[in-house]
Every structure is written in C-alpha cells, then in structure tokens.
Amino acid sequence: ALPICLPLVGVSTALFFRRRYTFQQWASLGAISVALLAFYHVKAEVHLKHGALASPHGRRIEMVGVLMILTSIIFNCLGALLVEKFLKGHRGRLHEQKAHLLLGEIAVNAAILAFTPLLFRDPTLREMHSPWHRGFFAGWDHRVLICAIVWIPAGWTATTLVKRCSNLLKTVSQSTSAVLTYIFSMFPVTLVGPRLVPEPFSSPVILLAISVLLSALTFGGADAAISSGKKEKIQHGRSSFDSSNPQARAGDATDWKLHRSYMAMRTVSAG
C-alpha cells in the first residue's frame, strides 16, 4: 500500500494544508513511489520463484481483496490527515495528545475484540474467536512481548515526527524502513527462537532498494534546504528591521529615566 499511499498523502497534504512543494520534492515522491512499486513486484517474483508464495489457487486477483486494500489506503490517508491536524491544531503537550489518540484506539480495539465473535452464527466458530472462552492473551509469547516493547518507541517517534515535521515525511521514512527491513532480513540474527529464515537474495531487489533510499535522501535534502531558506529569510528580515530602526537597535543600551512631569507629581505629593 505504500507505493499508492505515498503520492496520495503528498497530494492530500498539499490541498488540505495548502503546502507548496518544489519540483524536486514532487520528483522525489514520484521516484520513491515507482521504485517501491517495482521493489515489491520484483520481491514477489523472487518469492514465487523460490516457492515462498506458492498458492493452490494460482495467481489470480480477487476483487474482495482489492476493495479491502483500496479501502485501507483511503482510511490510512484520511486518518493521517486528521492526526496531523489534531497534533498541530491543538496547543496541548505531546504526551497529552498521544494519550488521547491511544485511548480512542484502545476503545475501538476492545469493541472489535468483544463484538466480532457475535457475527459468527456457528457456535463452534463463535467460541473459537471469543476472548471469553480462549482467553484475552491466547497466542501471546515472548516474541509478542518483544514486538510490543519495540513498537512503543516506534509509535512515539512517528508521532513526534508528524507533530514537528509532517505526515508526508513520516510516510517517506516508513518506506525507507520497509526497504531496510528487507536488507536486514537477508542476514537475520536470531536472538530468540525459532530460527529466522533469511530472505532470498536478488540483485534487482537490492538495486531497487538503493534507488528508494537515494530518492528518500533527495526528498529529505530538499526539505532541509527549504527550511534553512525560511530561517535565513526571517533572520535577514530581523537584521534589516534593526538596521533601519535606530531606536530598536539602541534600545538595549538606552538608560531609562523618569519623566519631568512624574517628578513634579512626586514633589507635589511629598509637599
């Protein structure tokens, strides 16, 4: 979903927040999207060649799956815009805003966990999916605990990045991290069992991963150049104002003295 979500997030943020991106940034977004699309396509072909994605139904496209993917992309883009507007539109502290977002997420997940089993008519399936029968922590082990511990700083880092920068930059970072995850998975290090299976090596996938990383660096460099240019304009405006206003320039060195009329009032009141 990242190759499709990335340009949609860029266009939606430009329209929704009225942001202006340079041609270099739009070209970088396009390059990242095309490189990601080719990356996942070649990666799937490599997996099919090695039999990792063998399916008994063959290679066919299911319309239900396509609709669910498109619905997920739309809701992800809409949620990203609303979260960014919430984080930047309110002057609350970051931990307060993060707590509000997490409380809503916990409430929705708890409702799904409790009411989803009621959709099954078969009593056996209902009991199989019901947390009241199989337990709330069924299937949990040490790997789930490690993932939960890792996801806590990851979520806080992503929220901080959206609040201080933009959701588009967060999406670019996620695209880069997905590519880096594939590179690291070719040489996995197993800390806890079971042993991890390395990804099949493919030189085209490696080249596409490098192109994604270079495009992301180009976008980040253009964004940093724009931010530094804005700071230089602000500093230049302040320096020109100070040079054209001698009173403001000498304000710090001026000795404050009482006015004569105030001194006269003090003399009268003392007499």
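This is a predicted model: local features need pLDDT of at least 70, side-chain atom pairs count only at pLDDT 80 or more; totals for chains, interfaces and linings use all residues.
View 1. Leaving aside residues up to four places away in sequence, V172 touches L6, L29, I32, A216 and F219. V172 is also, together with F39 and L168, among the residues with the most contacts inside the largest nonpolar core.

**View 2. The largest nonpolar core.** This core comprises 26 residues. Two or more residues each are given to this core by α1 (2–16), α2 (23–49), α3 (63–89), α8 (167–185) and α9 (203–244). Helix α9 supplies the largest share, with 7 residues.

**View 3. The crossing of helices α4 and α7.** Two packed helices are described by the angle between their axes and the distance between the axes. The axes of α4 (residues 94–115) and α7 (residues 142–164) come within 11 Å and cross at roughly 115 degrees. This crossing is right-handed.

**View 4. Residues at the contact of α4 with α7.** On the α4 side, L94, H95, Q97 and K98 take part, and they meet G155, W156, T159, T160 and K163 of α7. Sorted by class, the contact has 5 polar, 2 nonpolar and 2 charged residues.

**View 5. The chain as a whole.** The secondary structure comprises 11 helices and 0 strands. Of the 271 residues in the chain, 21% are buried. The chain exposes about 20,000 Å², and carbon and sulfur atoms supply 67% of this area. Among contacts between residues at least 6 apart in sequence, 69% join residues at least 24 apart.

How values were computed: Residues are numbered from 1 along each chain as its sequence is written. Side-chain values use heavy atoms; hydrogens and water are left out. Axes are lines fitted to C-alpha atoms, for helices over the stretch in contact, and angles run from 0 to 180 degrees between N-to-C directions. Helices (H or I, at least four residues) and strands (E, at least two) are DSSP runs, numbered from the N terminus. A crossing is left-handed if the near helix is turned anticlockwise from the far one by less than a right angle, and right-handed if clockwise. Contact means heavy atoms within 4.5 Å. Ala, Val, Leu, Ile, Met, Phe, Trp, Tyr, Cys and Pro count as nonpolar, Asp, Glu, Lys and Arg as charged, and the others, Gly among them, as polar. Buried means under 20% relative accessible area, exposed over 50%, partly exposed in between (1.4 Å probe, protein chains only). Accessible areas come from the Shrake-Rupley method with a 1.4 Å probe; for residues, only the protein chains shown count as cover. A nonpolar core is a set of buried Ala, Val, Leu, Ile, Met, Phe, Trp, Tyr and Cys residues joined through side-chain atoms within 4.5 Å.
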